[in-house]
Amino acid sequence: MSSFTTRADAALADPILKIAVERTAGTAQAKRAIAIDAFPDFEAARTRAAAIKDHVIAHLGPYLEQFEASAIAAGAQVYWAQTADEACRIVIAICKAAGAKTVARSKSMLGEEIGLPHALEEAGIGRVETDLAEHIIQLADERPSHIIWPAMHKTSEQVSALFKAKHRTPHQEETIAAMAQSARRELRGAMLGADVGISGANFLIADSGAVCTVTNEGNAELSLVPPRVHIVTAGIEKIVPSMPHAIHMLRMLARSATGAALTQYTTFYTGPRRPGDRDGPEEMHIVLVDNGRTKMREEGLAEMLRCIRCGACMNHCVVFRQIGGHAYGGTYPGPMGAVLTPTLDGLAATRDLAHACTLNGMCQQVCPVKIPLPTLLRGWREKSWREGLEPTSMRAGLGLWAWVATRPALYRLGTAIAIRAIRLLGRKGWIARLPLAGGWTQYRDLPKPAAQSFMAQYHQEQRK
Amino acid sequence: MTKNVALFVTCLVDIMRPRIGFAAIRALESAGCDVVVPQGQTCCGQPALNSGDRDHAVALAKQTTAALEPYEAIIVPSGSCAGTIRCHYPELFEHDAAWLPRAQAVVAKTFEVMAYLDEVCGWQPDGVTLPATATYHDSCSGLRELGIKAQPRRLLDAIDGLSLTPLAGAETCCGFGGTFCVKYPAISNAIVGEKAAAIDATGADLLLAGDLGCLMNMAGKLHRDGSKVRAFHAIELIAGMGDGPAIGEEA
């Protein structure tokens, strides 16, 4: 696997990526700001949203058991999966038992996290991605680059070319509407003909056993209601106690993600079709997935389990805006991804993510559930340091600096020498190339320091 | 009543641009403070803290706490260093019953210099003139850890002849991020490149901010790009030292 820096450099060198990311994230940022301004006391709403999540995270066991009982009472079957592999095995077994040849999948990041698309492929089960952006990703054989807009890294121009190459009867006119029609022609029949519909869950409602999904395209409803079987894969942190809590979280989610007051489609699925129902699946299966979440709660990352996957942190992140989502290398990009990925993929392979952050705090400021993302990222930096994963040059350099800095008299001498040395490289007030700080002078000039440190000048003046 | 305040110079101001420290002293004295510079100070420990090196961060936090605790108030010409003390020292000593109360006492009396002049002293520059247009970048730590936004603007508004022109994306990070800028120089460059373009687009003569790290990053990029915008720490203007050399200009 390529290194983070290699991937980031490739992303920085791609001018189309920059345009694509800026179009979507820029619009989202502007629309969110308007929505939050119009919201009566968004700050209080954030506090309440964080409190709801903290409460359920502290009492996960009882709420999940309540959900299980409610869902079973509504006619669904509930499964518990400790790991990604276990979750995939359960889903595949249900598909096989149903004799499924094709499944229609409604976009789910949890599905990506557990590797479900790949598992379905290995099992020889046809997969139709019904979310428009996931459809684009499937056609291009890529991975999502954003948790809300999986195809954010593509411009409409690129999508048009892709549809023309892959669709059976592609669009003629170069308009978004014509392209959407082309996708509709391609997807509608496949959705209606699928044997199984698979979705994630935006919320699990403990007291009713309902599963909530939100979409803007209605693709979840079309892929989950007509097939005989509906399978839900959901992270265990998606639980909320009851409908009013879900409604509060929905208000936070839509505004934070896109700036809309509500998504076009918000649906609660409570059990399979009941006698007398005109539609709905015959079976509903819900797979509750841990995949490291319990461990996160125990190992100081409980606050991360508040995350409702809105994407605001990445939309507002200066680093994400420059490099896009693929450079992060995991399922989840941006600040929330930088916190989650080390738990999922191991810190040794992902230690860059916590460092590739300026700790500017914007992500925390816009987070609808007040996750202290910079603090959690600093936590990964500490763990990486403790476990000896940081580069030797960094450890040695910082160690030497700290050793001197904890000896003020020596430090004064050291700074005097350093200032004299650095000043030798200056021309007209600026230094264009500085050894050991090439990262700085590769792109910017460094102002030449004054002839004497503040402390030296101050004491000379005091002695006068 | 005169206040006896200690100046925590910060390592970057000490080494790179001492006149920010002298500007802070001048403004504080003009606001009626007696300023001392404690000997035992070096760095607040932020580089270690943000690198994950907790042991060295704790060692420097102890040294800084011990050096600063005898004084009535501690004034810092940097939002990020003041933020390190105020927001992170209590975290560093979370499980240290001996040091936590000492750190908390220091936290309660540590202020960023412009916030202190404006909010605690209720002071404004008097008789300071500088005919120029300036734009202001809100450095992230000061803005988000300490709520510094209106204070520097109120102080700058009292300077005769100075007009402030808004900077698009003033609250967006400049890409400095401490060691981030040398660990990931290409990403940092892309971020500061956009910041420099936004600064140039204001048409302002001067770029102002409250943190030298961010200022060096932005000024260094502006200079590399051939911009004519001159950069100062806002306290230099507020103290009446805006007629001197800007960052990167020889005295």
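Two residues are in contact here if their C-beta atoms, placed from the backbone, lie within 7 Å. The structure on screen is a predicted model, in which local features need pLDDT of at least 70 and side-chain atom pairs count only at pLDDT 80 or more, while totals for chains, interfaces and linings use all residues. Residues are numbered from 1 along each chain as its sequence is written, and chains are lettered from A in the order in which they are written.

Select A:His248 to begin, which sits in helix H12 (residues 243-258) of chain A; helices are DSSP runs of H or I of at least four residues, numbered from the N terminus. Leaving aside residues up to four places away in sequence, A:His248 touches A:Arg48, A:Ala49 and A:Ile52. With 15 other C-beta atoms within 10 Å, A:His248 is partly exposed, a class that lies between buried (20 or more such atoms) and exposed (12 or fewer).

Colour A:Leu398, A:Trp401, A:Ala402 and A:Ala405, which are buried in H20(A). Seen down the helix axis, the buried residues of H20(A) fall within an arc of 95 degrees, so they line one face; the arc is taken from the directions from the axis to the C-beta atoms. On the face turned away from them, look for the exposed residues A:Thr392, A:Ser393, A:Ala396 and A:Leu400.

Finally, show what covers the buried residues of H20(A), including helix H21 (408-423) of chain A and, from chain B, helix H3 (46-51) and helix H4 (54-68).

Conventions:
Helix = DSSP H or I, 4+ residues; strand = E, 2+ residues; numbered from the N terminus.
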